[in-house]
Amino acid sequence: MPDSPTTPLPVTHRVPRALAVAGLLIVAITLALTGLLVSSYRSTVEREETNLLNLAEAYAAQTHYAMLALDTRLARSVDSDSDSAAAAPGSEPEVALGAPDRDGRRTTITLARSLPAAQGGAARRVAIDTDVSYFQRIFASSDLGSGGSVTLLRRDGVMLVRSPTLPGAIGRSFRDTPLFQVHLPRMPAGAFETTSPTDGKRRLYGYSAVGDYPLVIITGRDKADTLAVWRGWLWVGVLAWLLLSSTLALLAWRIGREAERQAALIARLTSSENRLTWLADFDPLTGLPNQNRLRRALGEATDAAAREGGQVVLVLVALERLHEVGDLLGIDAGEEAVREVAARMRRLAPEAMCPARVKTNEFGLLVRSAQAGQAVDGLAFELHALLSEPVRVREREFHLEPVIGVAAYPQDAGSVNELMRLADIAKHRARGDGGEPVHFHSDASHSHLDERLLVEEQLRRALERGEFSLVYQPKIAIASGCITGFEVLLRWHNPLLGQVSPARFIPIAEQTGLIVGIGNWVLRSACEQASAWRREYGFQPRVAVNLSIRQFYQKDLLGTIASALAGAELAPDALELEITESIAMSRIDVVERLLAGIRALGVELAIDDFGTGYSSLAYLKRFPVQCLKVDRAFVHDLGRDADSAAIVRAIVALGHGLKMRIVAEGVETEMQLALLRELGCDEAQGYLFARPVEAAAVPALLLARDRQTPTSA
């Protein structure tokens, strides 16, 4: 049998997946942002290098003009006779620092040219000085930041002027720097990045040669100053990246978590749906199919039988005493017993028989074959034998008393519902038959049920329609032949059913509880009739009324008896109540209390059908009973069965020993009466004396005996 489905919750990886996707997005954003920052970095550097180059070229042009002005002044200072020397071809300008002043500073720049000799004369050199402050003022017009500078150098690398000034570097040669080793030899103007030879800082430089003069202008700026704005954007980008990345990561985590929660919810819903689907067809305690599944299996089997022929037999099993396990040991123990029964069902019946748990204490299975009936008898009795074996729960053994009902398709029923109904009826017949634990449905049992239900239907309204009547059977004193009283007997005449035997309707009244109302009516009516005889005829016979077990245990029995006596104005000693031996021995403490209460009212008590039950003499001695009635079964066999005579003799001796009257029921022959007289029996009743008569015939019956019934026995 399939067990309850348990769908495990799936191990989801949605959060890691979402984080992985977010990570890829963050990487893409990082790469894009890095590309933008690198491009911005390069653009910033290139733009700054271009600015420095342009600035160097501008300063180179200004320096060139300044040097041309010095050249012009130098030419004017030459004697007019030597004007050819100024224009002498091949003369190269020379630029050098002037002589140091008294403080050791060089504050002048000297521009010199070499003039060739004139017409056999000696060659000569002319020069002109200018203050370096002139150039410093020109160079100071630009703001290149705290680390920026404009420097005038000779082509051989000697520093001539610097703004801002750097006295320690003036006159120093920088020929080994990248400017003179790499860049200037390639092109007269350009830009580059290198480490400053003066203070070791990283700077950007622009340079330009000064026209026809052996000079170079170099403009420089700290790279840190150049990148100050870019670094601001860098931090903005980093913060934006952090914010975007954390946002993406958070969103990814939340989306993943929500997706995981949704997946878990869907998994739980799926599991619940599977569980509900399973529960629709199976019993959760045993794992067996339930009634719904059995019905479907029956439907499929009956459809197949209708097409192909054959039979389908339904077997229903009820465990009458299963509830005792739970009552004694608790619910868990009861469930353990149910599981043990289910295991036995599985061992006996294969899955094809669909062994099912139909109700709390009921199970069922089906048999399908062409000759199902041939196999079902043995199966049903084998099942009964198997389930009759004691079930051991917590070191205790319990006998569950299975009863089995069997019905077949198509012999008994033409549909699934009818088949289940008839099998259930058969099961109830097995329960009620006593001694027949397996009952097969038959038309006779169906007719019996139909009749029983019809009787019950009519019985429920019989009291209100006045269909009941009372008859009275006299009890005779054996010694004198006088009438000592009457037993009240109930009769029912129904317009539909006719005269209904008490043996037919009394058990139904007992089972349905209708006997309480009917019995109370009998009690009131008998008291009223006895009172009427006293008023009308002046005699007071004692009337004996039977109490059923349901009536005996009704809530206000004593009040009902007292009310009946008071309502009829009847003396209590004119009423005798008869209870069966089984009632007397059912609940000793309660019975003793109720009997004492009845006796306290003044009503006499008798035990009916004595000898057929299991009376305890110890308890019988405690009961305030005045009369024992010998069951008719013992009286019937008097004269033919020595055992019956011995039993009657023992009952008489017991009763007289306890100071009780002994009444024999069912006396029909003179021989029986003679034997009873010989055995010492006190009173008798039966057809030998009179059949039960209507109330109107009682006075005539009394007169016929030529005596008046005493008011006390």
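This is a predicted model: local features need pLDDT of at least 70, side-chain atom pairs count only at pLDDT 80 or more; totals for chains, interfaces and linings use all residues.
The ring of phenylalanine 505 is paired with that of phenylalanine 468, and because the centres lie 6.1 Å apart with the planes at 45°, the pair is described as tilted.

## Aromatic pairs and a cluster

The structure holds 15 aromatic pairs. One of them joins phenylalanine 135 and phenylalanine 139 in a tilted arrangement, with 6.4 Å from centre to centre and 40° between the planes. Because these two residues stand four places apart in helix 3, about one helical turn separates them. Phenylalanine 135 is buried, with 1% relative accessibility, and phenylalanine 139 is likewise buried, with a relative accessible area of 1%.

Phe135 and Phe139 also belong to one aromatic cluster together with Tyr59 and Tyr134. Elsewhere, a ring takes part in another kind of arrangement: the charged end of arginine 691 is placed over the ring of tyrosine 687, at 3.9 Å from the centre of that ring.

An open sheet is built from five strands in the order 5-4-8-7-6, with antiparallel pairing. Strand 5 (159-163) and strand 6 (189-195) form its edges, each of them pairing on one side only. On average, and with direction ignored, neighbouring strands of this sheet are turned by 20° against each other. Helix 3 (residues 132-139) lies across strand 4, strand 5 and strand 8 (215-222), and runs at about 45° to strand 5.

Within the sheet, strand 4 (residues 149-154) and strand 5 are joined over four bridges in the antiparallel sense. Threonine 151 has its place in strand 4, and its bridge partner in strand 5 is arginine 162. With a relative accessible area of 5%, threonine 151 is buried. Leaving aside residues up to four places away in sequence, threonine 151 touches Met159, Val161, Arg162, Val216, Ile217 and Ile218.

## Salt bridges

Across the whole structure, 32 salt bridges are found. One of them connects the side chains of glutamate 451 and arginine 504, with 2.9 Å from N to O. This pair again links distant parts of the chain, as glutamate 451 is in helix 12 (residues 443-462) and arginine 504 is in helix 13 (residues 502-512), 53 residues apart. Glutamate 451 is partly exposed, with a relative accessible area of 35%, and arginine 504 is partly exposed as well, with a value of 30%.

Arginine 392 takes part in a salt bridge with glutamate 395, where the closest N and O atoms are 3.3 Å apart, and also in a salt bridge with glutamate 397, where the corresponding distance is 3.5 Å. Arginine 392 is partly exposed, at a relative accessible area of 49%, whereas glutamate 395, at 62% relative accessibility, counts as exposed.

Technical notes
Residues are numbered from 1 along each chain as its sequence is written. Side-chain values use heavy atoms; hydrogens and water are left out. Two strands pair if DSSP finds at least two bridges between them. Axes are lines fitted to C-alpha atoms, for helices over the stretch in contact, and angles run from 0 to 180 degrees between N-to-C directions. Contact means heavy atoms within 4.5 Å. Buried means under 20% relative accessible area, exposed over 50%, partly exposed in between (1.4 Å probe, protein chains only). A salt bridge is a side-chain nitrogen of Lys or Arg within 4 Å of a carboxyl oxygen of Asp or Glu. Rings of Phe, Tyr and Trp (its six-membered ring) pair if their centres lie within 6.5 Å; planes under 30 degrees apart count as stacked, over 60 as edge-to-face and the rest as tilted. A charge sits over a ring if NZ of Lys or CZ of Arg is within 6 Å of the ring centre and within 35 degrees of the ring normal.
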